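Here is a friendly walk through one model, with the cut-offs given as each term comes up. Please keep the viewer open while you read.

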2 protein chains.
Amino acid sequence: LARKLILIIADAGLELVPKELWKHPSVYKNAERRGKKPWQVLLDVSLHYSAMRSLERKEKRGRPDITHMCLLEALSSPSNLSGSLEVYVHTVEGKIICLDPKVRLPRNYNRFVGLMEQLLERGKVPPSSSKPLLKISDKGLKELVTDLNPSRVLILSEKGKLIRFGDLTRVLASEGKPLAIVGGFQAGDFSKEVTSLGGDFISIYPKPLDAWAVVSRVLTAYEYSSRII
Amino acid sequence: LARKLILIIADAGLELVPKELWKHPSVYKNAERRGKKPWQVLLDVSLHYSAMRSLERKEKRGRPDITHMCLLEALSSPSNLSGSLEVYVHTVEGKIICLDPKVRLPRNYNRFVGLMEQLLERGKVPPSSSKPLLKISDKGLKELVTDLNPSRVLILSEKGKLIRFGDLTRVLASEGKPLAIVGGFQAGDFSKEVTSLGGDFISIYPKPLDAWAVVSRVLTAYEYSSRII
């Protein structure tokens with residue numbers, strides 16, 4: 001069997017508006033304008049900033065744009081086009097999203113938001129398919145990683161040990177089925193759920209990087225090490 | 001002086017709605033809903049699909065999302081964070097957008113659209129600044145490239161000569177001020193304006209890639225070759 005890279009976008013700020021914000025004017029007015037109920041709408045700091053002020057862990061929530069960017073990077077990558085990538089999203093609520101490698105995600109952000117709303121409300125997309133392109137797994141993160149049985153777990157973190165790109169390609173070349181975990185949030189630390197997986201914390205640049213810049217560099221290192229590019 | 005990479009997103013599908021579509025119902029209704037006139041609104045195929053049916057070169061137009069993705073990749077890259085990158089956008093109308101390397105573009109697509117509308121209408125952002133973060137240049141593409149005086153021009157194209165990632169890093173390492181041109185459109189060929197620049201057409205993967213996947217791989221090759229990562 002061919003080698004594979006597994007990518008998990010972890011602690012992603014992707015969730016429906018939580019109950020405590022349903023009655024906030026900025027939330028229900030916005031939902032109404034789209035013909036939706038507050039609990040059918042994705043939490044988005046660009047729309048719900050004032051409502052989110054008192055929300056706990058707010059620096060990690062309401063950022064579907066980060067997941068969108070990371071997924072477009074991953075699904076459009078030579079790793080994925082060559083059939084060498086598996087991608088999952090682990091959300092801030094602990095949900096696991098499984099993606100068919102062949103799914104063509106909307107490039108347009110507003111359409112992506114609509115799709116994620118359908119997914120989080122109905123559990124899969126298309127909702128009536130027995131082979132959905134996107135689905136919420138019954139598993140938690142720990143169980144998913146145990147089942148995937150990666151040869152090594154790399155957690156990309158600005159607080160990790162700095163590794164040069166050339167060394168990263170050599171590490172990836174020596175692994176049969178490495179798992180790379182990239183945080184799908186703006187600021188703050190990984191959750192206990194992630195840190196308790198027991199991976200190696202690595203950093204690819206001395207300054208903090210946006211999640212999509214990390215995703216593309218890890219995938220590029222994998223592609224170079226596997227002679228995909 | 002330090003080495004630099006110049007990146008131009010060329011023939012980008014980024015323009016205000018052209019005159020021939022101002023009276024189309026899908027255009028003016030949509031503009032009205034946002035409190036704008038049709039000529040103040042960015043052309044976007046996800047909103048103006050039916051209006052665009054009879055538009056010439058339509059496969060290259062109305063895709064601000066591609067430019068958004070490419071610019072977020074470029075501005076968040078280690079190349080840019082280390083001061084080694086200059087980025088320009090050349091639009092399908094032939095306009096040149098100059099970006100301050102320190103600009104923090106909106107991550108949210110709808111806010112990016114608002115910013116580009118302001119830029120294309122007023123010529124700079126902020127409109128009253130003498131040192132704008134974004135501005136439309138008086139130059140055309142040919143003049144810009146002549147003034148930049150790159151040591152080599154690489155045009156990334158699926159029809160170009162296939163080059164391995166390792167060879168690309170060696171090419172970039174040997175150049176003092178290379179210019180990489182990536183197409184900011186969905187389908188079709190580069191305009192004569194671009195092809196007449198006389199660069200080397202190269203391809204980094206045997207299949208067509210989305211523009212942002214090309215941007216991130218070229219920048220990563222440059223960063224690796226310059227020991228930025």
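A cavity here is a set of points on a 1 Å grid over the protein atoms alone where a 1.4 Å probe fits but cannot get out, and lining residues have an atom within 4 Å of a point. Grid points are joined across faces, edges and corners, and a volume is the space filled by probe spheres set on the points. This is a predicted model, in which local features need pLDDT of at least 70 and side-chain atom pairs count only at pLDDT 80 or more, while totals for chains, interfaces and linings use all residues. Residues are numbered from 1 along each chain as its sequence is written, chains are lettered from A in the order in which they are written, and side-chain values use heavy atoms, with hydrogens and water left out.

**Cavities**

How many cavities of 30 Å³ or more does the structure hold? There are two. The table sets them out, with Ala, Val, Leu, Ile, Met, Phe, Trp, Tyr, Cys and Pro counted as nonpolar, Asp, Glu, Lys and Arg as charged, and the others, Gly among them, as polar.

| Cavity | Volume | Lining residues by class |
|---|---|---|
| Largest cavity | about 90 Å³ | four nonpolar, three polar, four charged |
| Second largest cavity | about 30 Å³ | five nonpolar, no polar, two charged |

Residues from chains A and B line the largest cavity, among them D65(A), H68(A), R107(A), D65(B), H68(B) and R107(B). Helix α3 (64–75) of chain A and helix α3 (64–75) of chain B each give at least two residues to this lining; helices are DSSP runs (H or I, at least four residues) and strands likewise (E, at least two), numbered from the N terminus. Around the second largest cavity sit I163(A), R164(A), F165(A), L168(A), I204(A), R217(A) and I229(B).

**Between the chains**

Contact means heavy atoms within 4.5 Å, and 39 residues from chain A and 39 residues from chain B take part in it. The area buried between the two chains is about 3500 Å², with 52% of it from carbon and sulfur atoms; this is the accessible area (1.4 Å probe) lost on putting the two parts together, summed over both. Of the area that chain B buries against chain A, R164(B), R217(B) and I229(B) supply 17%, more than any other three residues. Five salt bridges are counted between the chains, each a side-chain nitrogen of Lys or Arg within 4 Å of a carboxyl oxygen of Asp or Glu. E73(A) and R217(B) meet in a salt bridge, at 4.0 Å from N to O.

**Backbone and burial**

Leaving out residues up to four places away in sequence, T67(B) touches A12(B), L14(B), V89(B) and F112(B).

D11(B) has a positive phi near 55° although it is not a glycine. D11(B) belongs to strand β1 (residues 5–12) of chain B and is buried, at 2% relative accessibility. R227(B), also not a glycine, has a positive phi near 55°. R227(B) lies in the segment after α9 (211–225) of chain B and is exposed, at 60%.

One joins V125(A) and P126(A), with omega about -10°, and P126(A) is in the loop between β4 (124–125) and β5 (134–136) of chain A. In chain B, the bond from V125(B) to P126(B) is cis, with omega near -10°.

Note on methods:
On a 1 Å grid over the protein atoms alone, a cavity is a set of points where a 1.4 Å probe fits but cannot get out, and a pocket is an open set with protein on both sides within 12 Å along at least five of seven lines; lining residues have an atom within 4 Å of a point. Buried means under 20% relative accessible area, exposed over 50%, partly exposed in between (1.4 Å probe, protein chains only).
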